[in-house]
Amino acid sequence: MAFFEASEGPWPALLIGVPLLAAFTAIVTWRAARLLIWSGAAVVPVLSVVLLARVIHAGGLRLPIGGWAPPLGIAFAVDGLSAGFIVVTGLVMAGVLLFALPQFTASAPGAAESRAGYAFVPLVFLAWAALNALFLSGDLFNLYVALELLTLSAVALVAIDGRSGTIAAAIRYALFGLFGSLAYLLGAALLYAVHGTLDMALIAERATADGATVIAGALMTAGLAAKTALFPFHAWLPPAHSGAPAPASAILSGLVPKASFYIIVRIWFDVMPQAAGTIMPVLLGVLGSCAIIYGSVLAIRQEQLKLVIAYSTVAQLGYLFLIFPLAGGGGEPQPWAAGAWTGGIIHAFSHALAKAAMFLCAGLFMEALGHDRIAGLRGAAHHLPLTVFAFALAGVSLMGLPPSGGFTAKYLLLTASFAGGQIGWAIVIMVGGLLAALYLFRPLTYAFTRRGLEEREFARVPRPRQVIPLLLAGLSILLGIASAAPYDILQIGRPHAAVEGLE
Amino acid sequence: MSVLDLITILFTGAGTVFFIAGTAGLLRFPDTHSRLHALTKADHLGLGLIAVGLAVQVASPLLALKLLLVWGLAVLAAATTSQLIARVALPPHLERQKENAGQ
Amino acid sequence: MTEMPVSSAQLFGLCGAALIGIGLYGFIAHRHLLRRLVGFNVIGSGVFLLFGSTGYRRVELGADPVPQALVITGVVVAVSATALLVALIIRLAQLTGSARLPEESPGGGR
Amino acid sequence: MMPLAFDLFLCGLVLAVAVAAVSGRELFGSIVFFIVYGLLMALAWVRLEAVDVALTEAAIGAGLTGLLLVGASARLRRLQAPEEETGSRKARAATAIACLSIAGLIGAAVLLLDPRAPGLAPMVDCSLAESGVGNPVTAVLLNFRAYDTLLESTVLLVALLGVWSLSDERSWGGHGGLRQYARPGGVLATFGRTLPAIGLIIGVYLVWAGSKQPGGAFQGGTVLAAVWLLMAVAGVADAPRVSNRLLRLGLVAGPALFLAIGMAGAMAGDFLRLPPEHAGNLILLIEAGLTVSVAVTLALLVVGPPQRDLPHGEPS
């Protein structure tokens with residue numbers, strides 16, 4: 001209770017309450033969807049920034065909910081990491097909703113309610129509430145409920161297109177996702193049985209490396225890794241992410257897997273770092289490396305743009321897991337750990353922004369062309385220059401070229417692996433960047449080819465919609481240009497051991 | 001051992017026998033409908049007997065009434081569900097016949 | 001009170017662990033999606049039973065209500081997931097005539 | 001020794017039925033075994049002195065889940081979706097060994113737990129007086145950890161949105177695809193008219209009793225949902241159109257009321273705080289709202305996506 005003042009007041013609650021209220025309203029009346037999107041996209045990101053400002057001002061916050069302090073009650077736990085994720089979520093969600101506005105809301109005042117339109121708007125708001133709830137939560141079981149809310153809305157979003165292929169993809173995703181949630185829940189139950197609380201901060205104080213705790217950690221990690229599509233649990237991701245409508249794909253690929261990754265990070269860096277041992281971090285790193293190589297190679301082989309982007313997500317999620325061998329593990333904190341940890345998180349942010357931008361670009365290509373075959377992108381740069389530019393900008397971040405957020409992230413990871421004498425990870429990171437260049441240059445090359453211009457029919461795409469992916473891609477670049485700010489913000493509320501080091 | 005105890009043993013014992021018979025039917029009968037037949041008849045007679053056997057043991061008459069109420073509700077619920085299951089379990093061709101006949 | 005080799009709480013906890021294994025088998029070994037769903041629900045109730053059993057270790061204090069409340073929440077979440085999956089499976093069968101997932105191919109896609 | 005022997009027997013039975021449910025030769029039989037399994041599970045919960053969970057397990061875990069599965073198997077059979085053949089014997093054996101070792105690992109974790117750990121029971125007892133209710137499980141669900149329950153009530157909504165979105169484009173806004181099984185004037189139709197009254201009383205009683213005894217919004221709501229479904233199946237009431245505004249209000253009423261009370265607290269300083277002097281009434285209010293929403297949502301989840309246009313000669 002020491003860190004909390006009543007003046008911190010309603011910000012965390014509003015970040016969950018406002019999207020929920022929007023979702024409830026949208027369930028009752030689809031006519032309000034347009035208004036809800038505009039106001040939601042305006043209000044919630046502002047709330048996230050206010051929360052971030054409070055965190056910068058006051059440091060980490062702990063707010064017991066309902067006046068019941070843990071272990072009996074649940075507390076919001078906010079630090080730089082959670083505030084950062086909430087702001088990125090806010091930006092991506094706002095962009096996606098505005099992008100989807102003409103697609104999923106009434107075009108004319110008297111238009112009839114449509115199936116997909118009715119479901120899409122509340123589902124996105126519910127996913128938003130779930131993401132915010134997840135990043136704000138300080139309680140393991142509460143995380144489970146938020147995670148399930150997120151998973152089910154994500155599954156519904158995958159299936160919203162209604163074709164048999166996407167239904168099958170949604171089922172496969174649901175099976176992986178729900179199984180992952182159960183494994184996580186089992187781990188949380190065991191931790192409660194050992195420590196008598198579900199509050200993460202309290203468990204961190206009490207945690208030891210006893211057998212039951214280690215088994216619990218392994219179960220939770222396995223379940224969450226399946227939800228994060230870590231190799232070899234990645235099979236569900238490409239069909240699910242490429243089959244959904246573009247705005248849904250942007251959320252699914254940019255944000256949803258980050259949520260389960262966030263929990264893994266919380267578990268191994270905050271809750272029970274001493275139980276990590278030496279094998280688990282290396283195993284996660286190896287699987288991450290496999291994901292980078294395997295995902296990239298398959299991305300190169302795809303013929304459809306959305307599948308390229310989806311396989312690229314498999315690869316890019318792999319980088320996130322390199323922070324476990326580079327920054328984690330039991331034993332004394334290493335001087336390079338803070339750099340690697342921050343690099344991994346910045347990678348998550350920049351990938352969220354860049355990948356959302358890419359899927360929105362793919363959506364625009366599909367709208368203009370009616371398909372997303374790479375070979376059919378000829379002339380795109382001429383007809384949709386803004387979109388191609390946004391795609392290229394996002395690509396710069398994914399490849400890790402300066403001055404993007406992706407570059408900062410990979411630079412920090414590389415530095416850490418050299419500093420720690422773990423050259424193997426560095427090689428994987430560099431090879432991964434090279435492969436990313438290969439799979440992204442192919443669509444870009446086609447887009448810039450002018451040959452065969454006359455045979456391609458490009459439908460007109462309104463300019464404001466083209467600006468949204470451009471803004472998102474621009475933000476992922478900005479993350480690299482102004483990399484000092486996210487670096488400092490992420491250290492807020494971190495245990496001291498992790499902050500020292502790389503200066 | 002009082003007379004009441006004897007009644008309890010007698011009734012619950014008889015109830016158990018019916019349950020076992022019902023379960024044997026469930027396991028041995030060839031199709032859903034005959035299994036249903038075994039279950040609904042035997043088990044609810046068994047449940048009633050056990051409820052009576054227990055009712056004579058409890059202290060307050062209200063509690064005894066509750067036990068019997070449980071039996072009554074179980075019978076009603078079972079009658080309804082068995083109707084439903086029986087209809088769901090009709091093979092498709094019979095079902096279509098039934099639908100055609102109904103319309 | 002005589003020392004038992006296992007307590008009731010441990011017994012039900014072990015039973016939960018075994019149920020998880022049984023459910024997992026059904027979840028992995030079958031291809032028919034409804035059967036996988038049955039497996040999923042068996043895993044779920046095994047997890048719940050294990051969770052609940054740990055709240056029953058100190059009988060003299062009374063059963064711990066926190067795991068009970070959380071299990072109720074879990075059961076409701078599980079039925080929500082089951083309902084969504086049932087609808088998806090039926091839709092898949094309506095569209096493709098089969099209640100199984102098409103085989104995976106690394107080409108992925110439609 | 002007797003209780004332990006009974007527990008041992010019960011666990012053995014549960015495991016045997018679970019094996020039957022997972023590996024039954026035909027799908028329908030395996031689902032029936034799953035329902036039996038759920039009921040035995042409820043018995044296990046009673047043995048763990050968790051009557052609230054037992055009620056939930058019986059109503060939702062066995063009843064509603066069973067209903068969903070039975071309904072699905074019937075629909076699949078009507079679609080003539082073929083039954084399956086499982087993989088090779090070798091693959092199945094490998095799977096079985098893997099599952100066995102995972103279960104063993106989890107079992108080991110169970111045995112490693114400290115048998116004397118008290119959990120939070122003493123703390124719940126201490127704060128029970130301030131919670132506004134006498135049933136500790138209800139106190140945890142609707143006061144100490146009310147936030148979980150708020151999110152949980154929206155999970156149901158997400159599932160329903162997902163189910164609805166699976167309709168045909170042209171059936172959107174129409175009625176749910178529930179089949180009516182009753183012949184007019186048949187046994188089922190009679191039950192459909194007589195049982196709802198009893199069910200209504202039981203459902204409301206479960207919610208009302210939840211503040212002091214086992215019961216609550218989710219258990220009561222399930223019973224009410226079952227009553228409604230029974231009426232629909234028996235042809236007494238029709239599944240409503242998904243475009244019905246009143247229906248949609250009913251869906252969100254409970255969670256929205258819950259959220260409103262929570263936000264009122266947040267504005268006063270503490271999200272979801274229930275002042276001890278009003279906590280009892282507020283919880284009853286939230287439970288009443290949740291019961292309506294849970295009942296409507298669960299019933300509609302069973303009904304499934306909108307599938308048919310206005311049925312002929314059926315009063316809406």
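In what order do the elements of chain D run from the N terminus on? The elements run α-α-α-α-α-α-α-β-α-α-α-α-β, where helices (H or I, at least four residues) and strands (E, at least two) are DSSP runs numbered from the N terminus.

This is a predicted model, in which local features need pLDDT of at least 70 and side-chain atom pairs count only at pLDDT 80 or more, while totals for chains, interfaces and linings use all residues. Residues are numbered from 1 along each chain as its sequence is written, chains are lettered from A and ligands numbered from 1 in the order in which they are written, and side-chain values use heavy atoms, with hydrogens and water left out.

**Chain D**

The secondary structure of chain D amounts to 11 helices and two strands. Its overall values are as follows.

| Property of chain D | Value |
|---|---|
| Span of the C-alpha trace along its principal axes | about 60 × 60 × 35 Å |
| Share of the 316 residues that count as buried | 57% |
| Share of contacts with a separation of 6 or more that join residues 24 or more positions apart | 76% |

Here buried means under 20% relative accessible area, exposed over 50%, and partly exposed in between (1.4 Å probe, protein chains only). Contact means heavy atoms within 4.5 Å.

**The interface of chain C and chain A**

In this interface, 40 residues of chain C are in contact with 37 residues of chain A. The buried area is about 3,300 Å², and carbon and sulfur atoms give 78% of it; this quantity is the accessible area (1.4 Å probe) that two parts lose on being put together, summed over both. Three residue pairs, both at pLDDT 80 or more, are in polar contact between the two chains, a term for a pair of N or O atoms within 3.5 Å; within protein, one must be able to donate a hydrogen and the other to accept it, and residues adjacent in sequence count only if both atoms are side-chain atoms. On the side of chain C that touches chain A, helices α1 (8-29), α2 (33-54) and α3 (65-96) of chain C each supply at least two residues. Of these, α3(C) gives the most, with 16 residues.

**A residue of helix α1 in chain C**

Gly13(C) is found in helix α1 of chain C and is buried, with a relative accessible area of 0%. Leaving aside its neighbours within four places in sequence, Gly13(C) is in contact with Leu50(C), Ser53(C) and Val110(D). Between Gly13(C) and Ala29(C), 16 residues apart in sequence, the C-alpha to C-alpha distance is 24 Å.
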